[in-house]
Amino acid sequence: QEFARQAEVFAVKFPKEQRRSIPLLFAAAEVCETYGLFPEAIRSHSVLTKNYPDHPATAASVAVVRRLRMKGKRIKLFGTTLGGKRLSLDQFAGKTTLVFFWSTAAQPSIDQIPEVIDALKKYGRKQLGVIGVCLNSNRQPVEAFLAKKQLPWANIFHPNENKRGWNNPIVKF
């Protein structure tokens, strides 16, 4: 909390020191979020967006604040699967739904797949829904991975190459 407070004080007292202020505010926000200090994390990101509105980091801060404020709120999430079918969070109404962001190149997400499968087995499809959001840029590795792993949930993969990976509208939101 004190780190966040000091980062904010520095940014306010020295507004022209964006080279130092922005990393400090980001670091403070991340630490606060890690330790569950969400109001402090939101405040650090908000100071960044207010003091440095034209900096590229502002877009990331806006997205993080939006995410932190989403808890308990209904979101609109939809996309197209590899097979071309529309998949929407609305199809999972009445059950807890896990949105699982993954990539064949991100080993931590691959390592979490057995945990997600175990959760599905434990709670069943009537209680738990899973929507995968694949962040790969290229289709071929995804198709090969899914053919091998046979994931028991549908995965959104944007049909437009320019909107894949970190440019996916779901990720940006």
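Q: What relative accessibility does R67 have, and how does it count, buried or partly exposed?
A: R67 has a relative accessibility of 42% and counts as partly exposed, a class lying between buried, under 20% relative accessible area, and exposed, over 50%, with a 1.4 Å probe and protein chains only.

Q: What kind of model is this, before I go on?
A: This is a predicted model, in which local features need pLDDT of at least 70 and side-chain atom pairs count only at pLDDT 80 or more, while totals for chains, interfaces and linings use all residues. Residues are numbered from 1 along each chain as its sequence is written, and side-chain values use heavy atoms, with hydrogens and water left out.

Q: Ok, back to R67: which residue does it form a salt bridge with?
A: The partner of R67 is E33, and their closest N and O atoms are 2.6 Å apart, where a salt bridge is a side-chain nitrogen of Lys or Arg within 4 Å of a carboxyl oxygen of Asp or Glu.

Q: Where do R67 and E33 lie?
A: R67 lies in helix 4 (residues 57-68) and E33 in helix 2 (residues 18-34), so this pair ties together parts that are 34 residues apart in sequence; helices here are DSSP runs of H or I with at least four residues, numbered from the N terminus. E33 is itself partly exposed, at 22% relative accessibility.

Q: How many salt bridges are there by this rule?
A: The count comes to 5. One of them joins R43 to E8, with the closest N and O atoms 2.9 Å apart; since R43 lies in helix 3 (residues 38-51) and E8 in helix 1 (residues 2-13), the pair ties together parts 35 residues apart in sequence.

Q: And E8, buried or exposed?
A: E8 is buried, with a relative accessible area of 10%, whereas R43 is partly exposed at 39%.

Q: Which residue does R139 pair with in a salt bridge?
A: R139 pairs with E143, the closest N and O atoms being 2.7 Å apart, and both residues lie in helix 6 (residues 139-149), 4 residues apart, which is about one turn of the helix. R139 is partly exposed, with a relative accessible area of 30%, and E143 is partly exposed at 38%.

Q: New topic: where is S109, and is it buried or exposed?
A: S109 sits in helix 5 (residues 107-123) and is buried, with a relative accessible area of 8%.

Q: What does S109 touch?
A: Leaving aside residues up to four places away in sequence, S109 touches F100, F101, W102 and S103, where contact means heavy atoms within 4.5 Å. The side chain of S109 also reaches the backbone nitrogen of S103 at 3.4 Å.

Notes: Helix = DSSP H or I, 4+ residues; strand = E, 2+ residues; numbered from the N terminus. Polar contact = N/O pair within 3.5 Å; in protein donor to acceptor, adjacent residues only side chain to side chain.
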